[in-house]
Amino acid sequence: MITAGVDVGAKFAKVVILKDRQVLARAKALVGFDVLKSASDVFETALKDAGLSRSDIQRVVATGMGRNAILQKPPISADEAVSEVVAGAAGAYQVVPTVKTVIDVGAEEGRGIKVEGGKVKDFVINERCAAGAGTFVEAMARALEVKVEDMGPLSLKSANSIPMNAQCCVFAESEVVSLIHSKISKEDIAKAIHDAIAGRISSMVLRIGVEKDVVLIGGCALNPGFVPPLEKELHTSITVPQFPEFVSALGAAARAANPSR
Amino acid sequence: MAQTEVKTQEYWRWPEYRRTVSERDWRNSGIITAGVDIGSVGSKATVLVDGELYAYSVMRTGGVSEQTAIKATTWALEGTGIDVGNLNYVVGTGYGRVNVPFAKKTITEIACHARGAHYIYGPTVRTVLDIGGQDCKAIRCDDKGKVLSFLMNDKCAAGTGRGLEVFADLISVPIQDLGKVSLSVDQEPSPVSNTCVIFAKAESLALLRQGWPKERVAAAYHAAMADRIVDLLTRVGVEKDFVITGGVTKNMGVVQRLERILQVKALEPKMDPILAGALGAGLFAKALYEKEQGLR
């Protein structure tokens, strides 16, 4: 059985095509103004990579913030839409079957999910504050005049702990500027930024409790600077799967193959 | 040589000002005090002669708050003939209150706002809403201007002046016109659904791209901001008389929407309500000086 999972996130759309638990193709692209078109383009790319056409896919499950834009709508015509929590749990279970806690940090949302055998037991979400999601690091990178992908490696060069007082993205931008003015190095500021977001994510996740194994997914898991402070805050080791940003799409594809799960 | 200069306007940049408001002869008066309120965005310095507002300045807080404190105070004194050395007592308040070099004492902005509101609006004030640059405070006070209880949001830019600055830049409308622009809609749209300024900005941008006129987007943003502030305010309860202080009082779009939601009219200020904190500090300075001198 060939299925597909489409995760239409706030920033990127991700597609995974699955055949009997084997990944045939992965594709991702920025979501533009026209959500349906962006998602359809990525879907097309994934189909091409797999050497398939839409009619070869038996079931498509959509997830992510923009999931309803593709539900029953051609050319993707997703058969079902599931929440990010369900997809994240299912996907993490696929890559780490012993997972008990999933931490999913995307561009605009952060989530903690308690999982048992791939099923959701409990969860917490932040979808209201940019300071607890990838947008925060992006905004701070802009203030620091550093490319967002360089932020993590830069922060790892610092061994200092400078506290950031601002809890809000808007206020933190001003704080970064004043840190620059007080001649704090970019490395130290980058570290402070990662410590700050890790602190916010961990305090959210601790509300549902953290049990091993802990799996970090979502685009922010690609940021190497984010993992060490998060491990420190949670007093536990964290597993980052190979393609962390595709885990929810994978979960959606797995669910498409086995709707009862 | 012909030259075209392309200037990027800073829409968030609000005007600074100073005034002398009293004709009194300070040389033949008793106590001269100053209250310096170093806010996160704006700094206010007031000079009081015998507990009455004499002169003041309002300016943006710069990178070094100590310098701002000196600048704001000397600017307030400019042209009055009063020298820093003539000030009997100075009290610092606000977010940067520890950085007022000539202040003998610092007092929290909560206490100062309540005291200042009592001075501006009179003893009937029971609820003070202060909307500043980076925070928003709801204060309950008694007939002496003493704080009974308060709630503050200083964690999130939503519902603060800083959020309005970000929005002014987004829709390219000077910040001092923003309120008026937001009120120029025939029908009030639904509020922007996001609380977070970053997300609300993205949502507003999407509305602009959908072809919404600026006025309508501004109305939606202001409505959301008012909702957010009302949430804070209703947690302390609104007892009449109700007043609003702080820099955001200059935005009628926020003030009128707050009044509409609360169904309470805020008292008309007799003087610039941005000065409440600095005025409170100046009044505390007088009382402290009198105590110090054994005058009461």
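This report describes the fold of chain A, its interface with chain B, and selected backbone features of both chains.

## Basis of the model

The structure is a predicted model, in which local features need pLDDT of at least 70, side-chain atom pairs count only at pLDDT 80 or more, and totals for chains, interfaces and linings use all residues. Residues are numbered from 1 along each chain as its sequence is written, while chains are lettered from A and ligands numbered from 1 in the order in which they are written.

## Overall form of chain A

Chain A contains 8 helices and 10 strands; these are DSSP runs numbered from the N terminus, helices being H or I of at least four residues and strands being E of at least two. The C-alpha trace of chain A spans about 60 × 35 × 30 Å along its principal axes.

Of the 261 residues in chain A, 50% are buried. A residue is buried if 20 or more other C-beta atoms lie within 10 Å of its own, exposed if 12 or fewer, and partly exposed in between, with C-beta atoms placed from the backbone. Among contacts in chain A between residues at least 6 apart in sequence, 68% join residues at least 24 apart; a contact requires C-beta atoms, placed from the backbone, to lie within 7 Å.

## Interface between chains A and B

At the interface, 14 residues of chain A are in contact with 14 residues of chain B. On the chain A side, α3 (134–144) and α5 (169–181) each supply at least two residues, and α5(A) provides the largest share, 5 residues. By class, this side has 8 nonpolar, 4 polar and 2 charged residues. Ala, Val, Leu, Ile, Met, Phe, Trp, Tyr, Cys and Pro count as nonpolar, Asp, Glu, Lys and Arg as charged, and the others, Gly among them, as polar.

## Cis peptide bonds

In chain A, a cis peptide bond with omega of about 5° joins Pro74(A) and Pro75(A). Pro75(A) is in the loop between β4 (59–63) and β5 (80–81).

In chain B, the bond from Lys240(B) to Asp241(B) is cis, with omega near 0°. Asp241(B) lies in the loop between α6 (214–236) and β10 (242–245).

## Positive phi values

Lys183(A), a residue other than glycine, has a positive phi near 65°. Lys183(A) is in the loop between α5 and α6 (186–205) of chain A and is exposed, with 6 other C-beta atoms within 10 Å.

Terms used: Two residues are in contact if their C-beta atoms, placed from the backbone, lie within 7 Å.
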